[in-house]
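Hi there,

Here is the model I promised to pass on. Have a look at it first, and my notes follow below.

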Amino acid sequence: MSEILQRINADSAQAVARAHQVLVRVSSGRGWRRGAGSGVVWSTDGLIVTNGHVVRGEDYVDVWLPTNARHRARVLGLATNYDLALLKVDAAGLVAIEPGDSANIRTGSVVFGAGHPWGVLGAVTSGVVIGVGADLPERPDNGQEWVAVSLHYRPGHSGGPLVDVSGRLIGINTMMAGPNVGLAVPAHIVTRFVEKVLETAAAA
Amino acid sequence: MALEELSNALADSVEHAAQSLVRVEARRRLPATGIVWSADGLIVTAHHVVTRDEDITVGLPNGERVSADLVGRDPHTDLAILRAHAEGLTAATWADLDAARIGHIVLAVGRPGTSPQATLGIISALGDSWRAPSGGSIERYLQTDVVMYPGFSGGPLIDVNGHALGMNTSSLVRGVSVALPGNTISRVADTLVQHGRMRQGYLGVGVQPVRLPEELQQELDQETGLLIMNVAKGSPAAHAELLMGDTIVTFDGMAVRQMDDLLSALSGDKIGTEVPVTIIRGGEIREAAVTIGDKE
């Protein structure tokens, strides 16, 4: 048998390892209302990106870093239209995600989604980019940009990283559109969101 | 890096196929996909996504929208041919299906919107000729595990070179991703372009399968034949003096055991030719000759 599949497996494992380095667990609420999702380490000094719906309107949430250390995180900002939230934990020297070229990701290219579906920690799923932009099958019809992928997102994937073959961030796993289309918020939208929240915070 | 090479190769395949990928607006709500068959505007798509015969629009790879006419359709193979009012298109390149193997990587591509969309899978099953539930005779069985997204019907199933292996359709077999192979498309498209419809040979009999008498089973080496229940007036069968109560056992040199055998023998290309028929009448084997008609 040719070596190509072994090489692809080794490369996949490497991309997944990079996603795992920045994957966190986010938990909000109390008791039976307690919700859990995923998040991505955005900066070495403790900025975390996740989905707005994972935060559930709380001001503080619990975050488990990749080291499994638990931190109290402050919610710095929310974008309801893109379902994003920016969190801050008091930590330093973290491994941060490297944003990829999500605006130019090619249809058909390979991607990996990481998260904690149904509470399974660090689970990874792989597929391809179905399409990018606002013109997609079964999309929410509001003109927003998405990366559509052939992944089956499940509860707990929300807020986790969607990475390319080099482990760079393509998007934030957000929701299913129809039974077979996963939608992620493109990384360039996330970058814009984080910049805006930090500007607003600095101005205040 | 092998994975990056693979990922880029997949995107390259999509890009190549997208040059011949069009949007077909011929039904309400969601548009579907079509494949450029010839540079002068012939488009192949799925019959079931063309719900109207007029007011059809095709969205070209360069973003242009042009009107198109329905050339013909074959519900039995779920194929429709359109003529888009455009020239200088890039016709799809077709792969040799004989080189395809179970386990090979394939992509389904579609263009229900303006930009191409794609998804990945492998060839799950390959087989010989078969007859679809809708009655169409199809040259090869080609099944994949690709997920058919809304609007992907009528688009190509492509190999890793971006060459088309077949046309994806969600309605040939429900719940299974089966593609219509290139050689079936070629055969049906040729007939539709030439005649505007599929031609089917006509005999003019109503039949049902029956078990043959024991001694004839041995002599003919077949257990069943088709009992003629009625003969249409003025039909080819009437001219050949076939009678109600006769049992057809061979047709055009082929054993006739069930309905499918007779339907296969009455293909469109046999129209107008005289073929031998073996029947059983009153317990005796007889020969006749019938000139196959055209089922309008």
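Which strands of chain A do the buried residues of H3(A) pack against? They pack against strand S3 (47–51), strand S5 (70–79), strand S6 (84–88), strand S11 (169–177) and strand S12 (181–186) of chain A. Helices (H or I, at least four residues) and strands (E, at least two) are DSSP runs, numbered from the N terminus.

Before the rest, a word on conventions. Residues are numbered from 1 along each chain as its sequence is written, while chains are lettered from A and ligands numbered from 1 in the order in which they are written. This is a predicted model, in which local features need pLDDT of at least 70, side-chain atom pairs count only at pLDDT 80 or more, and totals for chains, interfaces and linings use all residues.

The buried residues of H3(A) are A:Ala187, A:Ile189, A:Val190, A:Phe193, A:Val194 and A:Val197. They lie on the same side of H3(A) because they cover an arc of only 155° around the axis, the arc being that of the directions from the helix axis to the C-beta atoms. On the other side of H3(A), A:Glu195, A:Glu199, A:Ala202 and A:Ala203 are exposed. (Buried means that 20 or more other C-beta atoms lie within 10 Å of the residue's own, exposed 12 or fewer, and partly exposed in between, with C-beta atoms placed from the backbone.)

Now the domains, whose bounds come from an automatic or database domain assignment. Chain A is divided into domain 1 (4–96) and domain 2 (102–190), and the C-alpha centres of the two lie 15 Å apart. Their contact takes 25 residues from domain 1 of chain A and 24 residues from domain 2 of chain A. (Two residues are in contact if their C-beta atoms, placed from the backbone, lie within 7 Å.) On the domain 1 side, the largest share, eight residues, comes from H1(A).

Chain B is divided into domain 1 (1–198) and domain 2 (201–294). Their centres, taken over C-alpha atoms, are separated by 37 Å.

Finally, the two chains meet in a contact that takes 25 residues from chain A and 24 residues from chain B. The elements of chain A that give two or more residues to this side are H1 and strand S8 (123–133). H1(A) gives the most, with six residues.

Best wishes
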